[in-house]
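Student: Could we walk through this model together, beginning with the core and then moving on to the ligand and the sheet?
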Amino acid sequence: MQLTPGRWGDPAHPVDLPSAARDALKHLGVRRTAAEPVAPTDRPGLTEAQLSFLGQVVGDEHVASDLDSRWSHTRGYSTTDLLRFRAGDTSDLPDAVVYPASHDEVQAILTGSAAAGLAVVPYSGGTSVVGGLAPSRRFVTLDLRRLDQMVELDEVSRTATLQAGVRGPAAEALLAERGYTLGHFPQSYEGASIGGYAAARSSGQSSAGYGRFDQMVVGLTLATPRGTIELGRAPMSAAGPDLRQLVLGSEGAFGIITSVVVRIRPRPTERHFEGWRFESFDTGLAAVRRLAQDGPLPTVLRLSDEVETAVNLADPDVLGGGSGGGSGGVLAIIGFDGPYNQATADVLTAAGGKNLGAEPGETWRVGRYRAPYLRDPLLDEGALVETLETAAFWSRIPALKTAVTEALVGALGTTPPLVLCHISHVYETGASLYFTVICAQSDDPIEQWRTAKRAANQAIADAGGTISHHHGVGTDHRDAYATEIGPLAVESLRAVKHALDPDNVMNPAILLPES
Ligand SMILES: Cc1cc2nc3c(=O)[nH]c(=O)nc-3n(C[C@H](O)[C@H](O)[C@H](O)COP(=O)(O)OP(=O)(O)OC[C@H]3O[C@@H](n4cnc5c(N)ncnc54)[C@H](O)[C@@H]3O)c2cc1C
């Protein structure tokens with residue numbers, strides 16, 4: 001799928017806003033205010049010498065300096081990114097887009113970039129939602145789409161070596177030909193790539209069964225301005241700190257991950273999805289914690305709160321009311337790659353859950369990538385829609401959820417929002433919380449969201465959550481991340497960056513505040 005710049009989703013399969021949603025927007029005071037999109041205007045790009053350096057490495061035909069190519073690589077897909085795109089904001093337009101085809105070409109560009117006066121932004125799928133593709137100064141984007149090969153599949157060890165530019169669906173297709181799966185299905189699956197998964201520590205919808213992406217990576221190759229680093233000689237090692245974990249989540253600040261070795265699993269021959277009803281989010285929370293701590297975990301485990309359940313269910317009777325008005329309660333989805341596990345269902349039943357059967361589960365499975373498609377039509381209607389996420393230990397989850405919800409409602413008070421929440425990534429010791437916010441746009445929706453996000457970030461910090469469970473740091477979370485880890489940790493990361501990237505050409509201003 002080729003994403004349309006500034007608009008999420010497969011352009012061949014757009015989603016229309018359901019009429020019920022249009023009606024609901026009226027209750028939120030949403031009025032059609034969205035301005036007509038503004039076309040971008042160009043500005044001078046690279047010098048002849050810079051273009052010549054890049055062309056010598058990758059071939060002139062793989063260096064694009066036209067406005068369309070650069071505009072389509074401008075920032076990612078957060079709501080503020082989309083709004084700035086609509087406003088024709090070119091302040092973070094790349095000066096050129098370069099398409100290397102191999103590790104060696106990436107390495108040659110990074111080795112020569114300081115001398116050529118170039119800052120470099122790695123771009124795998126371009127789906128960042130935290131300002132990960134927008135550095136503070138002029139730059140070239142290295143689009144890794146030509147690094148699209150499965151280099152090796154080791155069936156004995158059950159590992160695959162995948163290049164950074166392999167998109168999620170392509171990775172699954174390559175593995176499926178040999179009977180395997182990676183099992184990584186983030187909601188951005190249609191657009192995101194292997195390199196971005198690793199660089200931003202992605203977590204997919206099947207994380208209960210397959211783990212986060214950083215748990216799947218057993219090895220990687222990193223090109224830096226100082227040279228190449230290969231990590232992951234064995235699945236585990238006591239030979240010093242695990243440097244793979246230093247690169248995972250480094251978001252291009254240290255170098256470019258050109259390939260990863262990932263753990264793979266046999267492709268399941270059957271899958272089962274079903275819905276469960278709980279009386280309240282709190283009872284559902286106790287049930288999913290029970291599964292996370294004592295098992296047996298399914299592959300997919302999600303729990304929506306009351307607001308998300310009400311907003312997402314077209315038919316409230318799915319929850320079993322039967323009277324046309326629904327019966328309240330919250331919806332959980334469980335899924336199994338492989339045989340159905342009755343023991344999981346028994347835990348949910350013992351915790352007060354009611355099995356709603358396969359239909360709600362199948363509805364979720366079929367639409368699992370479609371919810372974000374609604375954001376652009378909602379923006380068109382004058383609504384502000386955005387998501388944010390965090391994680392915490394179980395004991396802090398209830399207070400964290402309340403604090404973030406109150407912060408968002410308080411900050412968006414003049415345009416009262418709907419705040420939806422779900423849990424979709426669980427661990428023995430805690431879980432993530434994922435919030436969706438919908439309200440009427442103010443006259444300045446970008447500043448409106450930034451104010452709300454600042455309030456939410458503060459609430460997360462105060463309530464003991466982390467600034468990101470899986471979206472990463474980028475520029476949006478940079479300052480909050482520095483506060484979260486403290487000045488000595490920031491200094492240590494700066495020292496690593498300085499060792500690998502002494503001229504600060506790699507994704508400047510991403511991850512760490514510029515000193
Ligand atoms: C609609 C939508 C839904 C989403 N759902 C999820 C979800 O369910 N789970 C989840 O984890 N995330 C989700 N995201 C966020 C995003 O998809 C993830 O962060 C993903 O891992 C980014 O992958 P990408 O290939 O698009 O990376 P990019 O956006 O290209 O890059 C992300 C960051 O890493 C850097 N980078 C990219 N490639 C490399 C590389 N090879 N080496 C070093 N640095 C690199 C970039 O410069 C940038 O800073 C969602 C985003 C959208 C728009």
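Tutor: Buried residues have 20 or more other C-beta atoms within 10 Å of their own, exposed ones 12 or fewer, and partly exposed ones fall in between, with C-beta atoms placed from the backbone. Residues are numbered from 1 along each chain as its sequence is written. The model is predicted, so local features need pLDDT of at least 70 and side-chain atom pairs count only at pLDDT 80 or more, while totals for chains, interfaces and linings use all residues.

Student: OK, which residues touch the most other members of the largest nonpolar core?
Tutor: Val98, Val120, Leu142, Ala198 and Val262 do, in a core of 133 residues. Strand S18 (residues 430-440) supplies the largest share of this core, eight residues; strands here are DSSP runs of E with at least two residues, helices are runs of H or I with at least four, and both are numbered from the N terminus.

Student: And what does alanine 198 touch?
Tutor: Leaving aside residues up to four places away in sequence, alanine 198 touches Phe213, Val217, Leu220, Leu248, Ile257 and Val260, where contact means C-beta atoms, placed from the backbone, within 7 Å.

Student: Switching to the ligand, how many residues surround it?
Tutor: There are 39, and the closest are Gly125, Gly132, Gly195, Gly196 and Gly252, a residue being near if its C-beta atom, placed from the backbone, lies within 6 Å. Helix H7 (194-199), strand S3 (119-123) and strand S10 (256-263) are the elements that give two or more residues to this shell, and H7 gives the most, with four.

Student: Is serine 124 buried or exposed?
Tutor: Serine 124 is buried, because 30 other C-beta atoms lie within 10 Å. Serine 124 sits in the loop between S3 and strand S4 (139-143), and its contacts include Ser193, Ile194, Gly195 and Gly196.

Student: Last topic: in what order do the seven strands of the open sheet run?
Tutor: The order is S15-S12-S14-S13-S17-S18-S16, with antiparallel pairing; two strands pair if DSSP finds at least two bridges between them. The edge strands, each pairing on one side only, are strand S15 (354-357) and strand S16 (383-393).

Student: How many bridges join S17 to S18?
Tutor: Five bridges join strand S17 (residues 418-423) to S18, and valine 419 has valine 437 in S18 as its bridge partner.

Definitions and conventions: A nonpolar core is a set of buried Ala, Val, Leu, Ile, Met, Phe, Trp, Tyr and Cys residues joined through C-beta atoms within 7 Å. Two residues are in contact if their C-beta atoms, placed from the backbone, lie within 7 Å.
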